[in-house]
Amino acid sequence: MRLLVRNAASFSLAYFCSLKRKCLNPVVSSHAIRMMHYLMEMRGRPNSPDYRIYLKTSDGKYISPFHDIPLYVADEQEYDVPPKKLKTNEILFNMVVEVPRWTNAKMEMATMEPLNPIKQDVKNGKLRYVANIFPHKGYIWNYGALPQTWEDPNHTDKDTKCCGDNDPIDVCDIGSNVCEAGQVIQVKVLGILALIDEGETDWKVIAINIEDPDALNLNDIEDVRKVKPGYLEATVDWFKKYKVPDGKPENNFGLNGQFKNKDFAIEVIKSTHSYWKALVTKAKTKNVEIVCQNTSLCDSPFKCSDAEASAVVQAAAEYGGPLPVSFEVNKWHFLSK
């Protein structure tokens with residue numbers, strides 16, 4: 001049985017070539033949760049290799065969360081945002097949540113699959129979970145990615161001196177709400193951290209959900225130190241050590257492990273957006289296997305029909321109940337400072 005979940009985001013058509021669609025209210029099953037403008041459709045069984053979360057518009061058309069959801073929130077009035085939370089010149093971004101806070105399953109957009117559904121990462125034939133490194137329980141933020149961005153593995157970053165990691169740019173939402181995997185939220189960018197992961201640049205954007213009570217008071221990275229003391233230090237500690245329980249060394253950072261401010265972060269995001277544009281408009285990119293199938297980008301040779309997109313989802317396994325997880329997922333690891 002399919003599980004449909006209304007997703008918290010608006011369907012802005014910035015960079016899209018088609019006309020704006022009105023938000024509809026389709027009839028959904030009793031398993032549905034009403035939210036806003038996107039639908040999620042689960043396939044396969046949670047905690048299994050075949051589990052997938054596909055996204056579709058409010059009128060039932062399947063999309064790629066990587067390529068079809070716009071990076072920028074183009075029209076603030078469409079998003080029902082209280083004006084007191086926004087500055088007139090605020091740049092807002094859409095964020096695709098992959099991993100809810102306090103959870104352990106390493107969920108991510110499947111960049112090498114058609115329509116790029118969210119799935120659980122698999123390594124050496126096993127589902128990946130991040131360890132609980134005391135005092136952290138799973139991921140300590142809502143973790144996800146900015147759509148329509150790409151860290152180009154053929155480009156050496158001028159600040160980190162390393163190439164990109166071949167993924168959309170990562171985001172940590174430091175708001176208080178626990179989101180759902182597949183949820184799309186609008187965020188304010190506050191700063192950025194340069195993680196060097198196995199020799200690749202892996203930027204971590206720090207942001208906050210604009211619906212969060214603290215959104216009004218958080219406008220740049222230094223505000224985080226005042227409003228949420230210790231959170232940035234905990235973030236560095238988490239990224240430094242999260243692979244140690246798997247037998248790997250501690251991660252390193254670029255820029256001396258210092259958080260850069262909002263303006264710096266937005267420039268990094270803009271550059272990854274430009275690399276993404278080049279990716280989806282070229283017939284082929286050197287040494288890149290990313291699937292760029294989309295349903296909305298007129299200038300892209302990878303644009304497909306709604307019927308073709310639907311066929312991708314229909315070919316996936318039917319939704320089933322979740323499987324149990326190993327005791328190891330809830331195990332605590334105590335590491336020396």
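1. Contact here means heavy atoms within 4.5 Å. On that basis, among contacts in the chain between residues at least 6 apart in sequence, 71% join residues at least 24 apart. A word on the ground rules: this is a predicted model, where local features need pLDDT of at least 70 and side-chain atom pairs count only at pLDDT 80 or more, while totals for chains, interfaces and linings use all residues. Residues are numbered from 1 along each chain as its sequence is written, and side-chain values use heavy atoms, with hydrogens and water left out.

2. Now the overall picture. The chain has four helices and 16 strands; these are DSSP runs numbered from the N terminus, with helices being H or I of at least four residues and strands being E of at least two. Of its 337 residues, 55% count as buried (buried is under 20% relative accessible area, exposed is over 50%, partly exposed is in between, with a 1.4 Å probe and protein chains only). The chain exposes about 15000 Å², and carbon and sulfur atoms supply 53% of that; accessible areas come from the Shrake-Rupley method with a 1.4 Å probe, and for residues only the protein chains shown count as cover.

3. On to the inside. The largest nonpolar core has 51 residues, a core being a set of buried Ala, Val, Leu, Ile, Met, Phe, Trp, Tyr and Cys residues joined through side-chain atoms within 4.5 Å. Ile53, Trp141, Ile174, Trp238 and Phe239 have the most contacts inside it. Helix 2 (residues 231-241) gives this core its largest share, six residues. Apart from it there is another core of 21 residues, including Cys179, Val189, Ala194 and Val205.

4. Ile174 touches Tyr231, and its other partners include Arg101, Trp141, Leu190, Ile206 and Lys228, not counting residues up to four places away in sequence.

5. Arginine 43 is in strand 2 (residues 38-43), and it counts as buried because its relative accessibility is 0%. Its side chain has polar contacts with those of glutamine 314, at 3.4 Å, and glutamate 318, at 3.0 Å. A polar contact is a pair of N or O atoms within 3.5 Å; within protein, one must be able to donate a hydrogen and the other to accept it, and residues adjacent in sequence count only if both atoms are side-chain atoms.

6. Next, the loop between strand 10 (132-133) and strand 11 (142-145), where Phe134 is found. A cis peptide bond, with omega about 5°, joins Phe134 to Pro135.

7. Finally, two backbone points to check. Asn124 has a positive phi of about 55° although it is not a glycine; Asn124 lies in the loop between strand 8 (122-123) and strand 9 (126-127) and is exposed, at 76% relative accessibility. Gln148 has a positive phi near 55°, but Gln148 is buried at 1%, in the loop between strand 11 and strand 12 (170-173).
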